[in-house]
Amino acid sequence: MTTKDFQTIIQKEASKTDFDRYLKQLVYKKVSSDEKIAIFEVNNKYIASWIKSKFTNLIQHCFEIYDGSKPSVEIKLAGEKKSKKEILKEQVQNETAESTILNPSYTFDSFVVGPSNQMAYNASLAVSNKPGTQYNPLFIYGGTGLGKTHLLQAVGNQAIEKGSTVIYVTIEQFMNDFTFSLKNKSMDHFRNKYRKCDVLLIDDIQFLSGKEQTQEEFFHTFNELHNAKKQIVMTSDRLPSQIAGLVDRLKSRFEWGLTADVQIPGLETKIAIIEKKSDLNGISLSREIINFIATTLDNSIREIEGVLIRINASASLLNQEITLPMVQNLLKDQIKETKENIKLPDVINIVANQLNIKPSDIKSKKRTATVANARRIVIYLTRELTHNSMPDIAKFLGMKDHSSISHNIKKANELIEKDENFKLIIENLKNKIINKEW
């Protein structure tokens with residue numbers, strides 16, 4: 001197989017994004033390889049680690065397609081001198097412990113900063129620039145899919161660029177490594193790995209809950225690193241004090257430095273995230289589509305990334321233009337689920353709260369401009385975000401019939417087209433209702 005043969009096969013087997021971003025950089029070293037081991041080169045060590053971690057099985061599959069073989073895969077840094085014997089020895093050694101693999105796209109430059117994550121971002125940037133000197137440990141907490149792992153790995157990527165030794169693992173990997181080392185009587189190797197690094201990054205520390213023996217080992221690891229002024233950064237879905245089954249002395253140590261939360265992003269931040277992720281993945285979206293995605297999806301940045309991949313794949317595979325109807329069709333299941341979870345009183349309560357009027361006024365016969373505007377917004381959002389029919393809405397609001405509902409919806413649509421301020425109010429309220437901020 002030549003590099004050209006390999007590239008032809010893997011381009012068909014991989015997603016366009018993965019191929020363009022990572023896999024097209026692979027150069028197959030035919031002379032150095034044989035039926036047992038396939039050796040590739042790339043020009044960036046982070047890309048090499050990432051490809052080895054995420055695409056080994058795919059690369060092996062390409063060889064199966066080509067000639068039925070399934071060799072071991074090694075990704076080298078271009079110009080690196082290693083014999084086959086050295087490579088095979090390293091592969092055996094790596095089976096005893098998880099390697100530190102950081103996603104090269106998780107950087108501070110690719111992270112979208114907003115009011116919901118400003119403090120966590122600033123603190124992460126500070127510790128990556130001067131590990132161990134302030135905010136040690138740094139404890140980042142918040143809900144699923146809000147960017148904690150991105151920040152954690154951004155710390156690691158920047159620290160590595162500055163020459164620091166970095167270990168990044170989930171707490172599950174730490175526990176598995178610990179158990180393996182105990183079983184195989186290789187605790188010296190384990191402790192050398194975790195206590196000799198400059199920066200230790202631990203993801204999902206809350207899963208340490210109830211693991212008494214692992215907590216004991218982590219306690220000593222923490223102390224060793226902290227005393228040596230080595231940086232520790234952890235993520236969790238809750239504050240240290242709220243992690244049940246965690247011994248008090250660990251809770252206390254986790255709060256020695258700085259705790260910073262990552263909150264649910266506001267509408268403006270979500271829009272910025274979609275714009276950034278689209279740009280990074282080479283996806284061109286209109287403002288209308290971006291606003292639709294931002295006000296339709298839940299708070300998870302991970303979900304946003306998944307949807308953008310689906311949109312791009314659908315457009316590419318079906319040779320379609322990315323239009324609003326196409327995106328609406330792709331998201332119809334999410335929209336249906338959202339509508340089933342939103343009730344009429346929810347819409348009235350959040351609109352009344354945001355516009356500073358009483359919910360009872362919206363359901364009353366009052367016709368002042370403020371009340372009429374709030375009522376129109378409730379009607380529009382209820383029709384947009386729930387399964388209620390126009391007669392259902394009319395009955396709930398005490399209006400005569402559905403013709404009044406239809407008139408208000410028409411008027412709201414006209415205002416959305418002409419009045420940018422009204423449109424912004426609608427989008428903001430829609431986002432709050434979908435995210436259950438009431």
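These are my notebook entries on a few features I looked up in this structure.

**Entry 1: ground rules.** I am working with a predicted model, where local features need pLDDT of at least 70, side-chain atom pairs count only at pLDDT 80 or more, and totals for chains, interfaces and linings use all residues. Residues are numbered from 1 along each chain as its sequence is written, and side-chain values use heavy atoms, with hydrogens and water left out.

Entry 2: I began with the strands, which like helices are DSSP runs numbered from the N terminus (at least two residues of E for a strand, at least four of H or I for a helix). Strands of a sheet pair through backbone hydrogen bonds, either parallel or antiparallel. Two strands count as paired here if DSSP finds at least two bridges between them. I found an open sheet of three strands in the order E1-E2-E3, with mixed pairing. Its edge strands, E1 (27-28) and E3 (72-77), each pair on one side only. E1 and E2 (residues 37-42) are antiparallel over two bridges, and Tyr28 has Phe40 in E2 as its bridge partner.

**Entry 3: a helix across the sheet.** Next I followed helix H3 (residues 45-67), which lies across E1, E2 and E3 and runs at about 150° to E3. For that angle, axes are lines fitted to C-alpha atoms, for helices over the stretch in contact (heavy atoms within 4.5 Å), and angles run from 0 to 180 degrees between N-to-C directions.

**Entry 4: aromatic rings.** I counted 18 aromatic pairs. Rings of Phe, Tyr and Trp (its six-membered ring) pair if their centres lie within 6.5 Å; planes under 30 degrees apart are stacked, over 60 edge-to-face and the rest tilted. Phe40 and Phe63 are edge-to-face, because their ring centres are 6.3 Å apart and their planes stand at 75°. Phe40 is in strand E2 and Phe63 in helix H3, so this pair ties together parts 23 residues apart in sequence.

**Entry 5: charges over rings.** The rule here is NZ of Lys or CZ of Arg within 6 Å of the ring centre and within 35 degrees of the ring normal. Arg249 has its charged end over the ring of Phe219, 3.8 Å from the centre. Lys363 lies over the face of Phe396, at 4.1 Å from the ring centre.

**Entry 6: a covered helix.** In helix H12 (residues 287-296), eight of the 10 residues are buried, among them Ile289, Phe292 and Thr296.

How values were computed:
Buried means under 20% relative accessible area, exposed over 50%, partly exposed in between (1.4 Å probe, protein chains only).
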